[in-house]
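The entries below follow the order in which I looked things up.

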Amino acid sequence: MASRALALLAFLGVGFALSMSVSEYSLRLLNLAAISAVAVIGLNFAFGYAGLISLGHAAFMGLGAYILALLTTRAGWSPWLAAAPAVLGTGLAAALIGLPLLRLKGHYLALATLGLNVSFGIVAANWIEVTGGTNGVARIPGLALFGHALDGERAFLWLALAVVAILAILASALQRSRHGRAMMAVRDDETAAAMSGVNVTAVKVAAFALSAVYAAIAGCLFAAHVRFISPDDFNFAHSITFLSMLIVGGEGTIAGAIIGAALLTFLPEWLRGLGESYLAFFGLMMLAILIFMPRGIMGLALGLAARRRRPAQSHTQATSAVAGKAVRP
Amino acid sequence: MADLIQLMTNGLALGSVYALAAIGFVIVYSATGVVNFAAGQFVMVGTFAGVATLLNAGLPMPIGYAGALVAMALFGALFYLVVYLPLRASPIVTVIIGTVAIGITLQNAALLTFGSWPFRLPSPFEGMMIELAGAVVSVHALAVVVATAVMIGLLWLLLHRTVIGVAMRAVAQDVKAARLMGLRVQGLLAFSWILGAVMAGVAGLMLGPMWFADVNMGDPIALKAFAATVIGGFGSLPGAIAGGFFVGLAEVLGASYISSAYKDLIAFGVMILFLLVRPQGIFGEPIQDRG
Amino acid sequence: MSITRRTILSLAAGAAVGAATRPAFAAGEPIVVGAAIPTTGPLSLSGKQYFNTLTMAEEDINKAGGVNGRPFKLVVEDAGASNSTAVSAFVKLVQESKPSFVFLSSYSTQNLATAPEVIKAKIPVMYAGGADAVADNAGGWMFRIRPTDSVAARGMAQFVKTLKATKPGIMYIQNDFGQGGATAAAKLLEANGITPVGSEAYGQNDKDFSAQLLRLRQKGADVILTFVYPADGALLLRQIKTLGLKTPVIASSGSFLPASVQLLSPADLENVWGVIDTFVDPSVGARMADFTTRYKAKFGQDGDAYGLAYYDGALILAEGLKKVGPDPQKLRDFIAAQKSWEGIGQIYSFDDKGNGAPGVVVVKAKPGTKTLELVERIRPS
């Protein structure tokens, strides 16, 4: 418990310190990273805990973003108010889609969710009367708290950090509850979970819907921050990016989700100095990370920590602690 | 009627390309269990291998094509060494993301090498047209369909009538048993990657003259190849072919008779439908867990 | 060595000679101008063109003495392939290089996404995206250096009358550019009493257009207007000929960019008119001939209308910097006040929405060749 509270305080502390010291450009990147972190913590429910390979996560983010954008620009709603139907509607949609879809497993599910993402893009680009087509939706109003407009990257970052913190606390509480354990049981062995009385379908659909809810929140933040959305902002490349963030950070861990989101947001920008070849290098670096750090950064960190706690003692105990997924916080 | 023949020919030609891309994808999947998300980039590399040999080096066509296919074989072997081997014990998602990452690198490397302008690959049937019941059809399109059929026939011969082909099928069925029988599993896996790459290369060389070669052509092809594989049956070669032709025809006929804007939705919609109702596709065996 | 009078005199003489022959732009702090343009990814097809011309402009301006003796310094950030990366590039430029002016990309969605940041930063920018919606969100700080999509579309519709066609069909790419163009063209046609017989869309990654073309043929179209990008535009022209369609084609500028023309054969260009931003060809005049020869010599490719637009834009900017200095507000006012600035490609006249290029030209390939010639200049109403 203490380590969790400590991690949270560290996160908020570092976030606040950065918000006061870095340039506007880095603040913008931090905001993008925070928005991605919300989405990836959500993806962690579906993939990290429940083992569902979802390559359509960006579509849920897009659904939330579009609902908010259309309600605010066409019907004049305030963004705070519009967020409610955006988030709840997306969650509901995910639950309905999940019911038939989540019978699939492994790469079949991956391809199905990929197909969904692509379909979402096609509809968003072609249903011009509703979505504005590829011109997107512009002039989305920004957020305002108690009359003060959250103009500028710094103010938005404070809001984003608060949102990430609250959502992380909720996610952590869920993970330690029996619902979280049910998800992990389903991930590890569906048959055994069913035989222990877990309602596998309900657990999977709940995980999927919850991940969509988080994605929709990220979508709302995105829409209110950039003030312009278009179908390309939610294509399947973004879904793959979210999954990569989770894996690089360390799947099954909330800290990993946040770290992965930050790293993969900043890495391409840091590599800008390489000029035209920076994307080629980015791909190679990703591959290297996957080969040499298969459990992600958090996996590496936890492995080192476990090994340090039990120095000479039973080597088998230490390795099983590293290998056992149940040990992750 | 003439219009229908025209549409059917174009749909079949398109379908042949998707079928070949899907075949390359399925060969790798059956043997190694890897879902290669860079399958589209494989085709793109094949097309640009053609650009390098035929346009940049100006070699005569037979040598140019052969050279490009040799390059693709080498590329397949390289991919096996650099991407497959290090990741072979990793969970499936890691491998998927790994292939995506390499796909990004391939795309950008191609951009750096060849620039962003599209290229026009020459065809042995440049400009030739024939009349078919009132419809004017390009000979290249017909040649693509025929060539695909020939490739499929050769592939069948390889897999069913040669020692190495039978060994590959054994590895695809059960890796442990194959190893116990004394088969050189690693070598066969490498050969699968090489074969998959060569198939993708053939697809790329054939569609180069039809579509123009550009470095971003890979992703849309991959999506259609996935749809084709799902519809036809994952892990099944006849399935890949049937699926490919279905997607190609659905695209062209759907554009004509239903809606040109939403026609891609048809292919993906059918794919999702199959996944929900009959995940093994048309020809697939019931889904087993891979080792 | 001991310093004698002679040494001092010779040193002074040497300094004087040095000062006389010293390049004119050596002194002073550079004036920084930013460019958030795509140098990687699929958008670099055009992006590379204006990256080249902006670099060329930087050299030319500095060779001619810079801006009142101060060097003109171009800082480029890759706008990448998405809206997000384009905005990041702009913000990075503004934060780190503190430019007086920035060039944006030629992609409307990137322009739309960057607009709020431009208004926040209060820096004038020039952009080349064609969607009319961008000007509606420009807040007075954004200047378009190419004709809008609707101007081009109306030019195409006007040319339908010149060809005396009465049953036009429309073929367009399914995105903001294609949709906008198709709608604008249809509106002008109907205002002139001509109803389009059909309007067919195709997806951005489509490679086969036979379904749409055959449908237009069935409906009896006697001319086809196309709203395309270079790669698909070239493919479309080829497929029109392979299907045996003899219908004349009025194509949007994408088909006639060098990137597209290099893919076509003279037969593909038969009976095809292009409505393009400006005719980039030495036959237009001395300054154009100079531009095209130098571009080809430097970069090994033919320059195109996009590159030229940014080059002209850089020259307008340079004149503004010389006349009113690097203050962003004064620069903005200077550009907005230009009502007949003679560029190499266009006569620029900025309206109150920031649109600066009111005219288009119609070109056609000389029969049997790929050499283009100018047919007429249109300034659509």
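**Chain B, overall**

I began with the secondary structure of chain B, which comes to eleven helices and two strands, and I note that I am reading a predicted model. Followed along the sequence, the elements of chain B give the pattern α-α-α-α-β-β-α-α-α-α-α-α-α. I then looked up the radius of gyration, which is 19 Å and close to the 19 Å that the globule rule gives for 291 residues, so chain B is as compact as a globular protein of that length. The C-alpha trace of chain B spans about 60 × 50 × 35 Å along its principal axes. I find that 59% of the 291 residues of chain B count as buried, and that, among contacts in chain B between residues at least 6 apart in sequence, 76% join residues at least 24 apart.

**The interface with chain C**

I next turned to the partner chain and noted that 30 residues of chain B are in contact with 35 residues of chain C. The two chains bury about 2,700 Å² between them, with 54% of that area on carbon and sulfur atoms. Of the area that chain B buries against chain C, B:Trp117, B:Arg120 and B:Phe212 supply 26%, more than any other three residues.

Several elements of chain B each supply at least two residues to the side that touches chain C, among them strand 2 (135-138) and helix 8 (185-211), while helix 1 of chain B gives the most, with five residues. Sorted by type, the residues on that side of chain B are 17 nonpolar, seven polar and six charged.

**B:Asp214**

Is B:Asp214 buried or exposed? I found its relative accessibility to be 14%, and because the cut-off for buried is under 20%, B:Asp214 counts as buried. I placed B:Asp214 in the loop between helix 8 and helix 9 (218-232) of chain B. Leaving aside residues up to four places away in sequence, B:Asp214 touches B:Met44, B:Phe48, B:Pro118 and, from the other chain, C:Lys207. B:Asp214 and B:Phe48 are 166 residues apart in sequence, yet their C-alpha atoms are 8.2 Å apart in space. Last, I noted that a polar atom of the side chain of B:Asp214 lies 2.8 Å from the backbone nitrogen of B:Asn216.

Technical notes: Residues numbered from 1 in each chain as written. Chains lettered and ligands numbered in written order. Predicted model: local features only at pLDDT ≥ 70, side-chain atom pairs only at ≥ 80, totals over all residues. Heavy atoms only, no water. Contact = heavy atoms within 4.5 Å. Buried area = accessible area lost by both parts, 1.4 Å probe. Helix = DSSP H or I, 4+ residues; strand = E, 2+ residues; numbered from the N terminus. Nonpolar A, V, L, I, M, F, W, Y, C, P; charged D, E, K, R; others polar. Rg over C-alpha atoms; globule rule 2.2 N^0.38 Å. Buried < 20%, exposed > 50% of the residue type's maximum accessible area, 1.4 Å probe, protein only. Polar contact = N/O pair within 3.5 Å; in protein donor to acceptor, adjacent residues only side chain to side chain.
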